[in-house]
Every structure is written in C-alpha cells, then in structure tokens.
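Dear colleague,

Please find below the structure I am handing over to you.

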Amino acid sequence: MSKQALDVTHRLVPSPAGRIHLVEQGEGPLVLLVHGFPESWYSWRHQLPVLAAAGYRVAAIDVRGYGRSSKPDDVAAYRVLDLIEDNVAVVEALGEQSAVIIGHDWGSTIAANSALVRPDVFSAVGMLSVPYAPRGGPRPSEAFAAFGGDEEFYISYFQEPGRAEAEIEPDVRGWLAGFYAALSADTMPGPDAPVPHFVSPGGKLRDRFPAGRLPGWLDEDDLDAYSAEFERSGLTGGLNRYRNVDRDWEDLAEYDGAPITQPSLFIGGGLDAPTIWLADAIKAFPFTLPGLVTSRILDGCGHWIQQERPAETNQLLTDWLASLPA
C-alpha cells in the first residue's frame, strides 16, 4: 500500500464471477468506480476521499479478473454482459437499488454499457478517457487487424491467450512502469518516436516504452501497489477483456446505434490516444449522449486522467454529481 493513507473499508461481495473485491468510503448516494487496464481499485485513490467528503458512498471495485476479485478460467467469462452483471450484483450486495457509475479506460466502456443495458440500476454515467461510441460497424477484430499496415495494433497483439502474458509476466513491475510512462503526458514518446500502441514485426509492445523515469503521478510506492497485485494474480484476467471484443459486438447487437439517455459526463486527455482517435464519437455526443451534462478535454493530459490530474478531475466529478437529480 502507498504511503498515502486511506480510511477505507475492504469488502468481498458475491457476484456471478464468484466474488468482487471493492473498497468503500463515505455515506450517501452510491457511486460505483470501475478501473481500466492494467489497473485496480487503487486507480481511484485520489477520488475516494474527495467524493466521500462530498456526501457520497463511494465503492471502487477490482473488476473481474483483477486483484482480489474472482478470475474465471473461461476467456468468454470476461464479456461485457458478464461484467455488467457483476456491477449490478455489487449494487445489490451493498443494499442499494441504484447507483451512479463512473469508469476509466475499459472501465469507461463497462460503465457506459452498464448504463445502456441496465438503466433501471445505473441512473447516471461518467466516462474518463474513452468516449461512448454506440455498437456498430464491422467486427472489431477485423477493424483492428487493418490498423497500422505492417505493424500490429496492440489490441490485436493482445488477442492470443498467453502471448502478451509471456512478454509481461517475467518482469511485471518493469513492464507496468514502461506502459504507464508510455501513455503519460510527461513521459510519453515524442511525436517523431514510434507510436507505442503498435508492435513491429517480431517485436514486443515494450520495445517502444520509454525507460529511465516514472511519470509524475506515479511514485515507487504506487508502482509497488500495482505490481504486487499483478505479480500475485497474473495479467490474464485483464487481458481477457480485449479477447472479448467480438463477443461484445455480437452480444450487443440489439443496441446497435443506441444512445445513452441518462445524465452523463465525459473527461478526456488532450494527449490521450482514445480521445484523439475517437474525436468523431465526441462530436456525436449530442445524438449518442442526449443527457450529457459535462464534457471536458484536459489540455496536456495523457491517459491516466484521474491520477495525472486529480484536482481537476475531482472538481469536475463533484460538480457533475451535485447537478444530478436527487
């Protein structure tokens, strides 16, 4: 655990996965926080005390496959519909009927689809880094395979079970440090350097990671907190999320093009690849997020939004939460 003390309660609650580990703080309306890859509940360490102080009961989960949550063996057990069921189970286990859900990275996609599929449970949705883009278009694996020409897009690289694990798990701490640095504003490769989201033929993803220093938001204790979890549990659970992109596309066919109508929020990083790649999705928000309350791009911010820019993120979140219907 980091030197930063948190007055939190750890819980294990039942879910379709078996169990979900969460960290809880505060009292009031429930706010569920969902992390991305390769992270954990700890990614919300700066938000937990602030949202709790603002009058909310905040629960940050370890997504299925991460940390102390269950890790089913079946790759197909990590499809988004299963993760939505986990989120619903957490709300019920905490004795609540509804919650606001907020996610970052893959957590943003999980949160958005939780709100889309279960509007009866999730009354509002916040998305960090990855904007909502309704289901549609070609099969995702085919689209990703077409990216990069002779180079391989990282999502395609993650598809084969065991392949990325063979790169990461011999040096979890070093790989995480490089991955975090590659996507952080103050340490990411320059515009003339090879793009870190692609793999050269015969190469590895880490070949393009910067080396030598940690990003400003990540100290040695924080890196210890992340690496200890993945050294214990491995990376397969997190990587299995990428291995279900086609299953999600199939499972969500009935929601093709569907908007999310609940009150919503989006925060992107001005230097973050998903915000840049999905600029058209952001432009489409008047149609895809008709309940949008707040949309903000943080200039000079990379991918790890709530950790790189915690004060601004916290202010945006608390203002948005305060605007929601009681």
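Which side chain meets that of Arg 118 in a salt bridge? The partner is Asp 120, at 2.8 Å from N to O; a salt bridge here is a side-chain nitrogen of Lys or Arg within 4 Å of a carboxyl oxygen of Asp or Glu. Arg 118 is partly exposed, with a relative accessibility of 28% (buried is under 20% relative accessible area, exposed over 50%, partly exposed in between; 1.4 Å probe, protein chains only).

The model is predicted: local features need pLDDT of at least 70 and side-chain atom pairs count only at pLDDT 80 or more, while totals for chains, interfaces and linings use all residues. Residues are numbered from 1 along each chain as its sequence is written, and side-chain values use heavy atoms, with hydrogens and water left out.

In the whole structure, 18 salt bridges are found. One of them joins Glu 165 to Arg 243, with the closest N and O atoms 2.9 Å apart. Glu 165 belongs to helix α6 (residues 163–168) and Arg 243 to the loop between α9 (236–239) and α10 (245–251), so this pair ties together parts 78 residues apart in sequence; helices are DSSP runs (H or I, at least four residues), numbered from the N terminus. Both Glu 165 and Arg 243 are buried. In another salt bridge, Arg 309 pairs with Glu 312 at 2.5 Å between the closest N and O atoms, and Glu 312 is partly exposed at 36% relative accessibility. Salt bridges also link Arg 11, Glu 24, Arg 57 and Glu 96 in a network.

Yours sincerely

Definitions and conventions:
Helices (H or I, at least four residues) and strands (E, at least two) are DSSP runs, numbered from the N terminus.
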